Amino acid sequence: MEIRISPSWAALWALLCWANLAGAALTVDLTSADSIKTAAKTIAFNLMTYYHGNESGQTPGILPGPPPAGPYYWWEGGALWGTMVDYWHYTNDTTYNTETLNALVFQANSPQDNYMPPNWTASLGNDDQGFWGMSAMLAAETTFQNPPSTQPQWLALAQAVFNTQAARWDTQYCNGGLRWQIPLSNNGYDYKNGIANGILFNMGARLARYTNNETYAQWAIKTWDWTSSVGYIDDQYNIYDGAHVEKNCTDINKAQFSYTAAVFLQGLGFMYNYTNGSEPWGTRLKGLTNRTLEVFFPDGIAVEVACELTNTIQCTTDMLSFKGYVHRWLAQTTQMAPFIHDTIMPVLKTSAAAAAKSCNPDGTCGFRWNTGTYDGDTGAGQEMNALGALMSLMVDLESVGGPVTNSTGGTSVGNPDAGGDPTVGNEPTAITGRDRAGAGILTTVVLLGFLATVTWMGTRANEGPAWVDEREKRLSGLGPIHA
Ligand SMILES: *[C@@H]1O[C@H](CO)[C@@H](O)[C@H](O)[C@H]1NC(C)=O
Ligand SMILES: *[C@@H]1O[C@H](CO)[C@@H](O)[C@H](O)[C@H]1NC(C)=O
Ligand SMILES: *[C@@H]1O[C@H](CO)[C@@H](O)[C@H](O)[C@H]1NC(C)=O
Ligand SMILES: *[C@@H]1O[C@H](CO)[C@@H](O)[C@H](O)[C@H]1NC(C)=O
Ligand SMILES: *[C@@H]1O[C@H](CO)[C@@H](O)[C@H](O)[C@H]1NC(C)=O
Ligand SMILES: *[C@@H]1O[C@H](CO)[C@@H](O)[C@H](O)[C@H]1NC(C)=O
Ligand SMILES: *[C@@H]1O[C@H](CO)[C@@H](O)[C@H](O)[C@H]1NC(C)=O
Ligand SMILES: *[C@@H]1O[C@H](CO)[C@@H](O)[C@H](O)[C@H]1NC(C)=O
Ligand SMILES: *[C@@H]1O[C@H](CO)[C@@H](O)[C@H](O)[C@H]1NC(C)=O
């Protein structure tokens, strides 16, 4: 049995054994592929201890939840399997491939195979569904082992998610855009947000490149243009959380989350590559990269600035997992757009070095990366973060192939008409008590509304550090949101 050191003890330990500090953390040489693989293996093992879906009586594919049954919403399972696809891709370690394949197939929800299972209707946002879709897309792009032909195939699953989302494009309000939630009975159905539209943009760009079908690219263009036109993406490349349909999407919540920036950034990389480096994609990619690194990597270390405050962590379980996606998506972007490599990789390196210091030798990793030590705040998200940061450095250390296409080695079988009925869960019986409190990827709309009203009114988002201080001051009365 392992002994976990509490944060205060860890701090004391650090003081007493200053010279030995490195020995108290997970040791990894970030210039060595073998060392990174060893450290990643330790963290991946630790991460997978959170997964029980393959045990008897459990549901395949999901992390313990959704609340109150456990801390994790359905989407985070989808995020986990994307992380594990990349884990295999970056390390060649096949230990978890069977679980990964089974999970991604099981939650596809046969026979519709569109990642809209009735079990999770009450927390089924377009972003939640989208995370599963992006993991299926990644499996196609990395030539992860294909499911047996009687089961749904990666490309078809990604197309199913894309098709059902495109069918839900809503022109009734705000001149377009995707709503946050899918069922109209969910809180947040009246909210159109950056992450849901960012995922549609991302999937459109990737499907265009993989299949060489221009229709997907047209959707990506339309999604980017809409998101910009309503001001969720401003001319400094800040990307904001979202706004309500009853306000014509003008009551913009100016909270910025790292994964929203990163999901657009990765999509820009694919559009850049798909168009052979054409404008406006290169300019946009440069602009968004610059802003993303400035906002979310102060001092070259990832910080979830909206909720990881100096004196308190106010991140929800969801938000505790974003840093890992950001590292993985930015690293992959350097393969799609080599011109941005030297801007992105030095920052990912300093950030990954800090991430390693947040881990114990047994691969238990904390949340804060900028303290030089383990902060005692751990969970599946924190494990995915550290794993994502470390393994992504492999892009520079060994020949790790970039995302393939249907004509450059991809073998996944698609179905342009996949997806079926894009509506779900509007029957009253579809919502179970267990999942009723579901709130999708972000936090509750109540919290968002509160933060919007109290905190982010005005234009402080462009004011740099002063804005951050002000936000922290105002938020400090809120108290921690996650346990
Ligand atoms: C579940 O998956 C883990 C790998 O994460 C494996 O070690 C374990 O044997 C599996 N359990 C069952 C019951 O298949
Ligand atoms: C994985 O294995 C393939 C060949 O089997 C090799 O080309 C590739 O470089 C390896 N990748 C890593 C990250 O070890
Ligand atoms: C839905 O829930 C039921 C009952 O817990 C379970 O048997 C089934 O496997 C679940 N399906 C999915 C796709 O999660
Ligand atoms: C992908 O390539 C295969 C042959 O390599 C071809 O049969 C198939 O039509 C292609 N699919 C798409 C979507 O282009
Ligand atoms: C809603 O906002 C859009 C700009 O995003 C504007 O073109 C449109 O006129 C507005 N509609 C209403 C009813 O105010
Ligand atoms: C990119 O270049 C290739 C090869 O020259 C060409 O076949 C393809 O049509 C180009 N793509 C676009 C979107 O212009
Ligand atoms: C597109 O990606 C490939 C790697 O898959 C890369 O070699 C190529 O340079 C990229 N295209 C552009 C325009 O950067
Ligand atoms: C972003 O661009 C500005 C202006 O060109 C530059 O001063 C700054 O260093 C850039 N920041 C990053 C993180 O690249
Ligand atoms: C291209 O994608 C669109 C949108 O999904 C689809 O309707 C169309 O059939 C696809 N074309 C081909 C040639 O696969």
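Tutor: Happy to; we can start with the chain as a whole and then turn to its ligands and a few backbone details.

Student: Great. What kind of model is it, and what is the average pLDDT?
Tutor: This is a predicted model, and the chain averages a pLDDT of 87. Of the residues, 83% score at least 70.

Student: Where does pLDDT stay under 50?
Tutor: One such stretch is residues 428–483. The model still gives that stretch 117 contacts beyond four places in sequence. Residues 1–5 also have a pLDDT below 50, with six contacts beyond near neighbours in sequence.

Student: How should I read the coordinates where pLDDT is low?
Tutor: Where pLDDT is low, the predicted coordinates should not be read in detail.

Student: Let's switch to ligands. Which residues are around ligand 2?
Tutor: Around ligand 2 you'll find K37, Y90, N92, E398 and S399. By type, that shell divides into one nonpolar, two polar and two charged residues.

Student: Which polar side-chain atoms lie by an oxygen atom of ligand 2?
Tutor: E398 has a polar side-chain atom 2.6 Å from an oxygen atom of ligand 2, and K37 has one at 2.8 Å from an oxygen atom of the ligand. S399 takes part through its backbone, where an N or O atom lies 3.2 Å from an oxygen atom of ligand 2. The protein covers 52% of the 360 Å² of accessible area that ligand 2 has on its own.

Student: You listed N92 there. What about its phi?
Tutor: N92 is not a glycine, yet its phi is positive, at about 70°. N92 sits in the loop between helix 4 and helix 5 (97–106).

Student: Is N92 buried or exposed?
Tutor: N92 counts as exposed because its relative accessibility is 59%. N109 also has a positive phi of about 70° without being a glycine, and N109 is in the loop between helix 5 and helix 6 (126–141). With a relative accessibility of 16%, N109 counts as buried.

Student: Back to ligands: what surrounds ligand 5?
Tutor: Ligand 5 is surrounded by N175, V230 and N248. In the side chain of N248, an N or O atom is 2.4 Å from an oxygen atom of ligand 5; for N175, a side-chain N or O atom is 3.4 Å from an oxygen atom of the ligand. The protein covers 34% of the 360 Å² of accessible area that ligand 5 has on its own.

Student: And which residues are around ligand 8?
Tutor: Those are N290, L293 and E294. A nitrogen atom of ligand 8 is 3.2 Å from an N or O atom in the E294 side chain. Of the 350 Å² of accessible area that ligand 8 has on its own, the protein covers 34%.

Student: Last one: where is there a cis peptide bond?
Tutor: One joins P67 and P68, with omega about 10°. P68 is in the loop between helix 3 (33–48) and helix 4 (74–91). Another cis bond joins E279 and P280, with omega about 10°, and P280 lies in the loop between helix 10 (258–274) and helix 11 (281–296).

Technical notes
Residues are numbered from 1 along each chain as its sequence is written. Chains are lettered from A and ligands numbered from 1 in the order in which they are written. This is a predicted model: local features need pLDDT of at least 70, side-chain atom pairs count only at pLDDT 80 or more; totals for chains, interfaces and linings use all residues. Side-chain values use heavy atoms; hydrogens and water are left out. pLDDT is the predictor's confidence in each residue, from 0 to 100. Contact means heavy atoms within 4.5 Å. A residue is near a molecule or strand if one of its heavy atoms lies within 4 Å of it. A polar contact is a pair of N or O atoms within 3.5 Å; within protein, one must be able to donate a hydrogen and the other to accept it, and residues adjacent in sequence count only if both atoms are side-chain atoms. Accessible areas come from the Shrake-Rupley method with a 1.4 Å probe; for residues, only the protein chains shown count as cover. Ala, Val, Leu, Ile, Met, Phe, Trp, Tyr, Cys and Pro count as nonpolar, Asp, Glu, Lys and Arg as charged, and the others, Gly among them, as polar. Helices (H or I, at least four residues) and strands (E, at least two) are DSSP runs, numbered from the N terminus. Buried means under 20% relative accessible area, exposed over 50%, partly exposed in between (1.4 Å probe, protein chains only).
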